Amino acid sequence: MKVDCLESTLEKSLQAKFPSNLKVSILLDFTRGSRGRKNSRTMLLPLLRRFPEQVRVSLFHTPHLRGLLRLLIPERFNETIGLQHIKVYLFDNSVILSGANLSDSYFTNRQDRYVFLQDCAEIADFFTELVDAVGDVSLQLQGDDTVQVVDGMVHPYKGDRAEYCKAANKRVMDVINSARTRQQMLHAQTFHSNSLLTQEDAAAAGDRRPAPDTWIYPLIQMKPFEIQIDEIVTETLLTEAERGAKVYLTTGYFNLTQAYMGPGLGHSG
């Protein structure tokens, strides 16, 4: 499925349910999404123009690409300064986490890079809020192919960098802290409920659900905003693992930096 095919599918869905409360929110990287004359940005313009009240296209621009640097570095090379690399697809309560781009090859013979979480409302809500938050600190694509900042937001490359990063940190951390609070409340309620029923009571009541054997922890890494949760957790997994333990890591993009390979971080083999 290519971006133009996805755009066509979205248009059909919006048209079939128009007018309705169906909302489409798309978050792209500014430099990569604007590369060349025909790009993701130009492909989405017709959709934005036709359904301006239902479609939002946000283009994240790294605060590090500014001034003369932004003017002098050509396309493709400017993407090395920093990218918005969240690759998540949300549909109702289902989530696809990916390390791949939207292209034919990745949807056919590279499906090993996808994780599909079906009917997982908590994860879907978290990523929806995260995409909205990053979208709020991004540039908003307009129907005439210009971009604007959200009202009250600091411009990512024209405004003060420190102020922008501070505002972006707060917006994203609000989402993380809110999700953490919800989970703490949920665990507290679950513990209270389980303390009232013995296992035999639960079985007698017909509760045959197996105990959960998989835990999902979304990790966020946005170093320009001083958010390094993924880095901290990965390092903790490697340093706190018992000698002889095996830790299996699988990801589309995992770079064994010196921070992970240095003395005292895990064992070879």
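User: In what order do the four strands of the open sheet stand?
Analyst: This is a predicted model. The pairing in the open sheet is mixed. Neighbouring strands are turned by 35° against each other on average, direction ignored. The four strands follow the order β1-β2-β6-β7.

User: Which strands stand at the edges, and why is one side of each left without a neighbour?
Analyst: An edge strand here has a single partner strand, so one side of it has no neighbour in the sheet. That applies to residues 24–29 and residues 147–149. The edge strands are β1 and β7.

User: Which residue of β6 stands opposite L59?
Analyst: Strand β2 covers residues 55–60, and β6 covers residues 139–141. The two run antiparallel and are joined by two bridges. Opposite L59 stands L139.

User: At about what angle does helix α3 run to β2?
Analyst: Helix α3 spans residues 40–50. The helix lies across β1, β2, β6 and β7. Its angle to β2 is about 155°.

User: Which element gives the most to the largest nonpolar core?
Analyst: This core has 27 residues. With eight residues, the element that gives the most is α6.

User: Which residues does L130 touch, not counting those up to four places away in sequence?
Analyst: L130, M222 and F225 touch the most other members of the largest nonpolar core. Contact means heavy atoms within 4.5 Å. Beyond four places in sequence, L130 touches I86, V172, V175, I220 and M222.

User: How many residues form the second, separate core?
Analyst: Its members include L14, V24, L28 and F51. The count for this second core is 17 residues.

Definitions and conventions. Residues are numbered from 1 along each chain as its sequence is written. This is a predicted model: local features need pLDDT of at least 70, side-chain atom pairs count only at pLDDT 80 or more; totals for chains, interfaces and linings use all residues. Side-chain values use heavy atoms; hydrogens and water are left out. Two strands pair if DSSP finds at least two bridges between them. Axes are lines fitted to C-alpha atoms, for helices over the stretch in contact, and angles run from 0 to 180 degrees between N-to-C directions. A nonpolar core is a set of buried Ala, Val, Leu, Ile, Met, Phe, Trp, Tyr and Cys residues joined through side-chain atoms within 4.5 Å. Buried means under 20% relative accessible area, exposed over 50%, partly exposed in between (1.4 Å probe, protein chains only).
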